[in-house]
Structures are given as structure tokens and as C-alpha cells.
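User: I have a model open and would like to go through a few of its details. Could you take my questions one at a time?

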Amino acid sequence: MSIVIKDLHKSFGEKQILQGFALDVQDGETLAILGHSGSGKSVTLKHIVGLLEPDQGEVWVDGQAVTELKTEELYELRRRVGYVFQMAALFDSMSVAENVGLGLRRISGMTEDAIQSRVAECLDLVDLSGFQDRRPSELSGGQRKRVGLARAIATKPGYVLYDEPTTGLDPVTKAVIDGLITKMQKELGVTGVVVTHDMQSAYRVSDRIAMLYEGKTRFLGTPKEIQATRDPVVRAFIEGRPELLQEEATGAKEES
Amino acid sequence: MTSRLLAPLNWVGGRVLRGVSSLGRWGHLLTDTIRALRHVDVWLRLVLAQMARIGVDSVPIALFIATFTGIVLALQASYTFTGAVPLYFVGVLVGKTMILELGPVLTGLALAGRVGANIAAELGTMRVTEQIDALETLAYPPVAYLIVPRVLAGVVMFPVVTILAVALGIAAGWVTALQLLDMSTPEFVRGLMLFFLPFDVWFAVIKAASFGLVVCMVGCFYGFHTTGGAEGVGLSTTRAVVVSSMLILVLDAFWAVTLL
Amino acid sequence: MKRRNETLVGLVLLAGLATAIFGTMWLQGWEWGRDVVPVEAVFRDVGAAGAGNAVKVRGVRIGRISDVSVLPGGELVQMVMRVDADVPLPDDAAVVLAPESMFGDWQAEIVSQADFPHFNFAAPPGSDVLPGYALPDISRLTATADRISENLADLTDRIGIAFTEETARNLALTIENIQEVSNQLSELIEQQAATFGEVAAGVDEATGEIGRAAASTRSVFDRLDGVLAAGEVEALLTDLRQVSAGFEGLAQEASVTSRELGGMASRADSTFARLDHILEVAQGGEGVLGRLLGDPALVDEVEGTLVQLQLLLEDVRENPRRYLRLSIF
Ligand SMILES: Nc1ncnc2c1ncn2[C@@H]1O[C@H](COP(=O)(O)OP(=O)(O)OP(=O)(O)O)[C@@H](O)[C@H]1O
Ligand SMILES: [Mg+2]
């Protein structure tokens, strides 16, 4: 089972964000999505869990068409998908432990002790042992992000969508988180989609990399392939050289 | 040229469309809320905390308002009745107006400010910081998790707070009558009992419950449909208070027409 | 935190519930700790009395009305009162309903029936149910007077059929009642004159008129036997017409001289106008008084309405303020 996106279109008012984006994530694979800020990466992730409805196109997760699901079935599916929000989206009325444990309480038959030990375990994984009783407002941005990650993986979902999990973290913590993502994939067989701007992370955790550009899939391939590509748009992005985009624009003009 | 001619049409059309779509969203949220009632496992544990926040925490402000209302009612009644009507009618007026009208409505308006704004701001913030999305990804239906407990708590607690307010308002009127108007307790109590009907209490309870429903529902509605960051949260909060205050007065008239 | 919430919510809920329940019970006049017994009474009509109104004995509040309902059959109204158990009630206890103040609240007073022989108490169906009577209020006064004249007119119509000694005696009896009423009217007006000095002059005159009218009525009765014997119906009717004219004049005068008694006077006026009508019919009629014999119920009814008028007047005399103050509002 896997995640398949076909011909996805989405616009907000006049703004066309996605215009035929397509992707398929193999079972057990970790795929990274690159793209400029505001290109629609977060919007894409939200379509995968049905938080947004596409204007056109299909989204399949675990063999089910997300757009066709009844409310109940959608919630059933969401139990199998973890979502790490870009801004963490922690519940500020709750402690860290309650945040992480919230998904677990939805699972019937879990005792309070089991929940607490699972919470501790997840906080351990993101290097935040002993933070249980803190409030989100007492955490730094990086710490919040890690609590958000712990919350997403607490229920041991088969799919995890990471929206910029390492942005704003120091290099060491970044490496820890990347290690965690890899570990999730290797040991638990998690299928992952990682949105990131950080090429180092992308190479480290992903089996394949997709690039979203102007609402479409500009590139899809392994880290090796992306490093070898000659597409100026992709190279501008991974090398951080906006002047290449200029070339692309003039080249396009000449062609026409 | 044509565009200038069409501008008023556009304006009217836009207004109507927005009006209809917001009605549609209302209907949607209402049916969602009713349907979400079946997720008992989700909302049941949360009702208590909301009852504490919506009800218990509102008791002081409601009592404060009621106390002064009772005092003023007693003084104004005695002022109005001078000579022509026996003084025990102060008791009638304080009791009847407190129970039937001022208790429920003033409490409702105060709580529209306190509770309605609180709910709209909280849910609005949750919306713009994606906490509501986060709830969905954790498989919690947000309507059942956020709206149902608040609305239920409002429907249950508004009448309770109102009853306490009414009781204190009458007591304040009574003390005023004794201390400032030279009335005796039997006189005041005679007036209080004179035209009292148990239905009056029911009327107050029904009114207060409907106010609770409206205030919480409106707060949830505007909070839930907040867009656009801190500014949007501010806007939702203002709208929630204004709209629920207006609806309280409309409902007040509605109940007076249908039940009295 | 959670503990605290639970306790607080529980506390506030209970406080609200307790306030609502005990407050309602208290305002309804619930009697805590007092020994209370239910007392039942029946009425033909309960005026504006209802649940919650005071029940008194000799002016002291001893309980409240708890329920009012029409009994099956629709003839009687049953009232349940809850009164202090330790207040002794008279052996021939009866209940009189009357306005407690002029603001629409009524009261039930438990009295000894013997003290109010004229009151037309409803007959109770059982021995443990008290007879009751509701005092008519001012608006019903007029209605009663009107009914009397209707009945009199009816009566006169029937007089045309036959005129025997028996029916003549009935008529005499009835007329005697009318005279009694007029006496009472004059007494009443005398009393009013004393109470309201400023209209005394006009009322005095009116009283004099009433006295004269009464005297001439008396003369009718004095001559009645002879009249009957001689068959001088014509003469009787002439006399009656004189009486009636006197009454009418009185009524007009009374309404002019005393505004405070305006209601009273107009009532008298309508009554007397009817009386005049009777006489006209009687004079033109052939075989007077006949139908009266065939319909004793009518006689009863006339008697009944007269009694009511009497009671009313009695009440007006005893509590003139009750009626006169009403006209202020
Ligand atoms: N709910 C919404 N309503 C209106 N516009 C939206 C909404 N969500 C996203 N957008 C718009 O869609 C575009 C893409 O947003 P998105 O959050 O997907 O960007 P992104 O690729 O994740 O960027 P970043 O790397 O900065 O997070 C943006 O221009 C944003 O303004
Ligand atoms: Mg994003």
C-alpha cells in the first residue's frame, strides 16, 4: 500500500497553487518533497490526510481514495497517518504529555500507564525526556517542533507526513531527527513523506526526491539522480543559485 | 463606464451570495454539531472542564451584575410607586422582573461578552495555528471535541448561573427595601409571593438555556471559521459578541411572544 | 486541577438546583415544618381567586389556596386550601371569596356560615367539604341588576295568562322583596351620605325620594288584598306605575347629584326602567299573572336574583370603601 497523487489541482481564490501535481510514494519508502516557499508543499500534505479537498485530481492512501471517503472512514484512515505540522500546532491548553498522549487516548483498551510509558518513550526519541509537564508556551521553537514529531509518531502510524521537521534546529538535533525518521522507516516500515528545504536532510533520509515547481512535479528521482540533473530549476534550488532560474526564464523565452 | 454602472449590482449580488453562504455554513455547523453528539467518547470527558470555565468562572460577574440590578430595581420601583400604589409592590416588581426578564437577559449579555468572546478567541487561535487541523489528524472530530462540550456546557450552565443571579438580585432588592425604603420583610415577601407562578422559573430557565445555546454556538461558529491570523481572531471575537448579543435580545422577544 | 473542577462544577450545579427548587417552593408559599391540613370547599364560581392566594380566619393568614378545579358536571368549582392544622375552624365553617386588595389579588376567608345567612353558599357534595360563596364584584352588580329586570319583564309577560289569588300572592311576595331592596338602597344611600359629606345634600334628596317611593309601594301592598277581591287590577297597575315613575326620577336625580354613586345609580336606573316596562306590559296585557303559576321556577329565580342583589347591597354597605375606591382607578 502506498500514497498516490494524480493530477492534483488546488487554488485559493484566484491563486492557482497546484496545477496537476502527481506523485506516488512506494510502500516503505521515504520520499522528500522540495519546493520554493509558497509553492504548495504544505497544501499537498494536507490533501493527503483530507484536511483540504482538491479542486480536481485524486489522492489515494493505503488503497483508499481520500476524497471519496465518508467521515468515519476518513477518521479511521487518519489513525494510520501521523502528521508533523510545520508550526508544530501543539495544543497550548495542554501539557506536553497530554499533547503527545492525545492520539493514544483514541485507541480503546489502552491503560493510563501504557499511555504514560509510550509518551515517555516518544519524548525520549525526540530527545525531550522529562518534558512531560511543560506547557507548549514554555518551549522553544525547535522543542515544540520535536514535541509535534513525538505526537505524530506516538500511535505508531504506518504513514508519517513530516512538514519541515528539521527547519530551525541546530545541526546536532537535526541529525538526531533525521536519524529518527530513518529509524522509523527501517525498523517500523513507515512510509514517509518529508517536506524539507534542507538538501543535506533530504539526501540523508529519502529514498527518492520530488520537486514541486509551479504546481507540477518538476523532478522525481533518487538523491543520486537529483545531484546529476541538468535541469536549471532543480539545480538552482539544490545549489541555492537563483541566477540559474534567470537562465531558465530566458531560455524559455528563446524557445518560444 | 459599464463597470461603474454594474458596481451597485455587484455589491448587492456579492452581499446576497455571502449572506447565503454564511447561512449555509451555519446550517452545516448546526447539523455537524447534532451529528457529533454521537461521539460521546470524545466529548463526554471534556464537558466538565467547559462547565467549569463557562459556568463556574462566570458566576462572579453574573452575581455582581444581579446585585446592582436588584438594588436599582427596588429603588426605582419605590420611586415610581410613590403614593398611588402600596409599597409591597416593590416586592412584586423586583421578583417578577428579576425572574422573567433582567436575570436571564443581563446574565446572557454579560456571558455573551465573557463566554462568547472567550470561545471565539480560543477556537479562532486554534484555527489559525492549525491546532484544529492537528485534532483532525489525530482522528478527533473537531466538532465533537471542541464545539459539543462547549455548547452542552453552555446550555446546562447558563440556567444555573442565571438562577443564582436571580436569587442574589432578589436578595439585594430585599435588603435595599429593608434598609433604604423602610419596608418590612413580610411586606416585601408578600409582594414577592403575590403573583409568583412556578412557570416563571421555567420561563427563566428556558430562556437562559436558549441564550447559552446561542452564545456558545455563535462563539464556536466564528471561532471555527476564523481566517487570517491575529487580526482574524480579533474580528471573529468581535463578531461573536455582537451577533450573540443581538440574538439574545431577539430570542428574548421570541420567548415573550411564544411562551407568555 | 481536575479534582477542583469537579468539585466546583458540582457545587455550582447543586447550588443552582437547590435555589431553583427551594425558591420556587418558598415563593409558592410552601409551609416548612408547619403542620398543614388540606381543606376543601365548593363554589358555584370563584371569581378571580386562584392557587397561591391567602386563606384567612378572622383576618389572619393561616394558609393558601393550593388548587382550583371545576368538578365533573361543570356545576361546581372545587377549591383545595392548605391551612395550619392547629387553627380551630368553626363548626359550620364556610368559605367566602373576596378581593383582598384592589390590585386583583383575592383571598379566601373561612367564616361561620351562621354569620352570613343571606349568602347563597354552594351546597357541598360531602360532609367534609365546606360550602363556599364568592362575593360578586362591582361589574357583576350591574349584571345582576340587569338580570333582575329581565326576570321581572319575563314575569310580567306571564302575568297576562291568568290572575288568581294564588299568583297574586306570589306577586305580592315578589313586590315585597322589591320593596325590601329599595329600603336597603335608601339605607345604603343614607350611609353613603354620612361617609361622603360633600354629596350629602343631593343624596338626602334622593333618600327622601326613595322613602316616598317605598311608602307608595307599601300602599300598594296594603291595598293588595282589597284589590284582588275587587278585581281592581287596573288600579293596582296604576299604582305600580306611580311607584315606578318615582323610582325613575330618583335614579336620574341620584346620578346627577352624586358622581361617586354613579355606578349605583345607573344600576338602579336600569332596574327601574325595566320595572316601568313591566307595568306597561301588564297594563296592556290580558289575563295577567297566569304563566307565573305554571312556572314556579321563574318565581324562584326572581327570588334568587333579588337575594343576590340584597347580598350585594349588604356588602356595599359593610365595605363601602371596597367599591368606592375601585371607581378611583
Ligand atoms: N487556507 C489557505 N487559504 C488561502 N491560501 C492558502 C491557504 N493555505 C495555503 N495557501 C496559499 O497557498 C500557497 C502555498 O502554501 P503552502 O503552505 O503549501 O506553501 P509551502 O510550499 O508549504 O511553503 P513553505 O515552504 O514556506 O512552508 C501559499 O501562497 C499560501 O498563501
Ligand atoms: Mg509549508
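User: Is C:Asn53 buried or exposed?
Analyst: C:Asn53 is buried, at a relative accessible area of 11%. Buried means under 20% relative accessible area, exposed means over 50%, and partly exposed lies in between (1.4 Å probe, protein chains only). This is a predicted model, in which local features need pLDDT of at least 70 and side-chain atom pairs count only at pLDDT 80 or more, while totals for chains, interfaces and linings use all residues. Residues are numbered from 1 along each chain as its sequence is written, chains are lettered from A and ligands numbered from 1 in the order in which they are written, and side-chain values use heavy atoms, with hydrogens and water left out.

User: Where in chain C is C:Asn53 found, and what does its side chain reach?
Analyst: C:Asn53 is in the loop between β1 (36-43) and β2 (54-57) of chain C. Its side chain reaches the backbone oxygen of C:Trp106 at 3.4 Å. Helices (H or I, at least four residues) and strands (E, at least two) are DSSP runs, numbered from the N terminus.

User: Which residues does C:Asn53 touch?
Analyst: Setting aside residues up to four places away in sequence, C:Asn53 touches C:Ala48, C:Gly63, C:Arg64, C:Ile65, C:Asp105 and C:Trp106. Contact here means heavy atoms within 4.5 Å.

User: And chain C overall: how many helices and strands, and how much is buried?
Analyst: Chain C has 10 helices and seven strands. Of its 329 residues, 46% are buried. Among contacts in chain C between residues at least 6 apart in sequence, 70% join residues at least 24 apart.

User: What joins A:Asp178 to A:Arg204?
Analyst: Their side chains form a polar contact of 2.7 Å. A polar contact is a pair of N or O atoms within 3.5 Å; within protein, one must be able to donate a hydrogen and the other to accept it, and residues adjacent in sequence count only if both atoms are side-chain atoms. Beyond four places in sequence, A:Asp178 is in contact with A:Thr166, A:Ser201, A:Arg204 and A:Val205.

User: Now ligand 1. Which residues are closest to it?
Analyst: The shell around ligand 1 has 14 residues, and the closest are A:Ser37, A:Gly38, A:Lys41, A:Ser42 and A:Gln86. A residue is near a molecule if one of its heavy atoms lies within 4 Å of it. Helix α1(A) gives the most to this shell, with three residues.

User: Which atoms lie by its oxygens?
Analyst: A polar side-chain atom of A:Lys41 lies 2.8 Å from an oxygen atom of ligand 1. A polar backbone atom of A:Val43 is 2.9 Å from an oxygen of the ligand, and a backbone N or O atom of A:Ser39 is 3.3 Å from one. Ligand 1 taken alone exposes 620 Å², of which the protein buries 64%; accessible areas come from the Shrake-Rupley method with a 1.4 Å probe.

User: Lastly, which residues have the most contacts inside the largest nonpolar core?
Analyst: That core has 118 residues, and those with the most contacts inside it are A:Val61, A:Leu161, B:Val90 and B:Tyr145. Helix α6 (residues 142-180) of chain B gives the most to it, with 17 residues. A nonpolar core is a set of buried Ala, Val, Leu, Ile, Met, Phe, Trp, Tyr and Cys residues joined through side-chain atoms within 4.5 Å.
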